[in-house]
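Me: I'm new to this one and would like to know what backs up each label. Could you walk me through it?

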Amino acid sequence: MSQAAATTHYTSMGLDSRKMGFWAFIGSECLLFGSLISTYLVYQGRSVAGPTPSQILNIPVTSISTFDLLMSSLWMVLALAAVQRGDMKWAKVWLLGVAIGGTIFLGFQFYEFSSFVREGLTMQANLFGCTFFILTGTHGAHVTVGVIWMLTLWVRALQGKLGPQHAMTVEIAGLCWHFVDVVWIVIFTLVYLLHK
Amino acid sequence: MEHAHAADQPHPVEHPHPTAGTYIRVAVILTVLTVIEIGVFYVPVFHPVLAPVLLSLSAVKFAIVVMFYMHLKMDSRFFTFLFGGPLLLAGAVMLGLMFLFGVLTLGH
């Protein structure tokens, strides 16, 4: 029996306890992002000073970063499939791809934030600035954690310490990654496409 | 000892995951839906129905990622409960706050 299988604990329902714990964590994250999105929507259109969303949001640039994040989710499941079938060569390629995709997304966010600040939108400028930076900044912090997690898995794969017996470890990292993707799906629609 | 401990544990429930081909088909669908979203945003004729169309497309994309990439379609329903319960609660809190602050109103 492998070390990973020997140390795995299953619940009375036969579910992996790590996976169950992570799903419970994701549930709590739904409440965190729900509260941040609510705050953004409640204060939407109530800023007494500019810049306003329609003056400042750059939809073409954000569409590209959205596509990038979407593709990184595909690479994540391909990495998991590669680990499950023991194809570590492709697992390394896809894991690095996810980390690079996430870094590109963060680069777009850095570009967006710095251009907004240059145009006068800061957290102190108005209600839009405050709620926008907190919401998208919290999401960006989650992407950063995801990128670090992917790089850790990639390094372990390079060292030969990641194999099919660690598929659940990769699957749980994937849950984290896909969650930031689904949160961005909501943010892209509510903040960028349905702005006032 | 470790072997005996592992043998005492409940039997793991394993569910087969989709193939790489399914993952790629899902990515194509998600890309097409995203292109439609952006297209709808830029075409003035859709502006009267912009909110319902974009929210529906977003909900479909959300569901597809959760079902296929996060494997909720194949995994134990208990994971769906762990995720869906707080998600519904978050949605209810959002709607409650939006009604409370007058962002959404009933009737007039």
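Me: What comes after α5(A), and what is its phi like?

Reply: α5(A) is followed by G120(A), and the phi of G120(A) is positive, near 100 degrees. Keep in mind that this is a predicted model, where local features need pLDDT of at least 70, side-chain atom pairs count only at pLDDT 80 or more, and totals for chains, interfaces and linings use all residues. As for the names, residues are numbered from 1 along each chain as its sequence is written, while chains are lettered from A and ligands numbered from 1 in the order in which they are written.

Me: What makes something a helix here, and how many does chain A have?

Reply: Helices (H or I, at least four residues) and strands (E, at least two) are DSSP runs, numbered from the N terminus. On that basis chain A has seven helices and zero strands, in the order α-α-α-α-α-α-α. Its C-alpha atoms fill a box of roughly 65 × 35 × 20 Å along the principal axes.

Me: How do you know that the length of α5(A) agrees with what a helix should span?

Reply: The expected span is 1.5 Å times one less than the number of residues. For the 31 residues of α5(A), 88-118, that gives 45 Å, and the end C-alpha atoms are 45 Å apart, so the two agree. α7(A), residues 167-193, has 27 residues and reaches 37 Å, close to the expected 39 Å.

Me: Where does α7(A) bend, and how is that worked out?

Reply: The bend is at I187(A), by about 30 degrees. That is the angle between axes fitted to the seven residues ending there and the seven starting there.

Me: What else stands out about H71(B)?

Reply: H71(B) has a positive phi, near 65 degrees, without being a glycine. Most residues other than glycine have a negative phi. You'll find H71(B) in the loop between α3 and α4 of chain B.

Me: Which peptide bond in chain A is cis, and how do you know?

Reply: The bond joining G50(A) and P51(A) is cis, with omega about 0 degrees. Most peptide bonds are trans. P51(A) is in the loop between α2 (17-42) and α3 (53-56) of chain A.

Me: How do you know that α7(A) is mostly covered?

Reply: 23 of the 27 residues of α7(A) are buried. Across chain A, 41% of the 196 residues count as buried, and in chain B it's 19% of 108.

Me: Why are α6(A) and α7(A) called roughly antiparallel?

Reply: Axes are lines fitted to C-alpha atoms, for helices over the stretch in contact, and angles run from 0 to 180 degrees between N-to-C directions. Under 35 degrees counts as roughly parallel, over 145 as roughly antiparallel, 65 to 115 as roughly perpendicular and the rest as oblique. The axes of α6(A), residues 127-158, and α7(A) come within 10 Å and cross at roughly 155 degrees, so the pair is roughly antiparallel.

Me: What about α4(A) and α7(A)?

Reply: α4(A), residues 59-84, packs against α7(A) at about 160 degrees, with the axes 10 Å apart. That pair is therefore roughly antiparallel too.

Me: What makes a residue part of the contact between chains A and B, and how many take part?

Reply: Two residues are in contact if their C-beta atoms, placed from the backbone, lie within 7 Å. Chain B gives 45 residues and chain A gives 42. On the chain B side, α4(B) has the largest share, with 13 residues. Chain B itself has four helices and zero strands.

Definitions and conventions
Buried ≥ 20, exposed ≤ 12 C-beta atoms within 10 Å, placed from the backbone.
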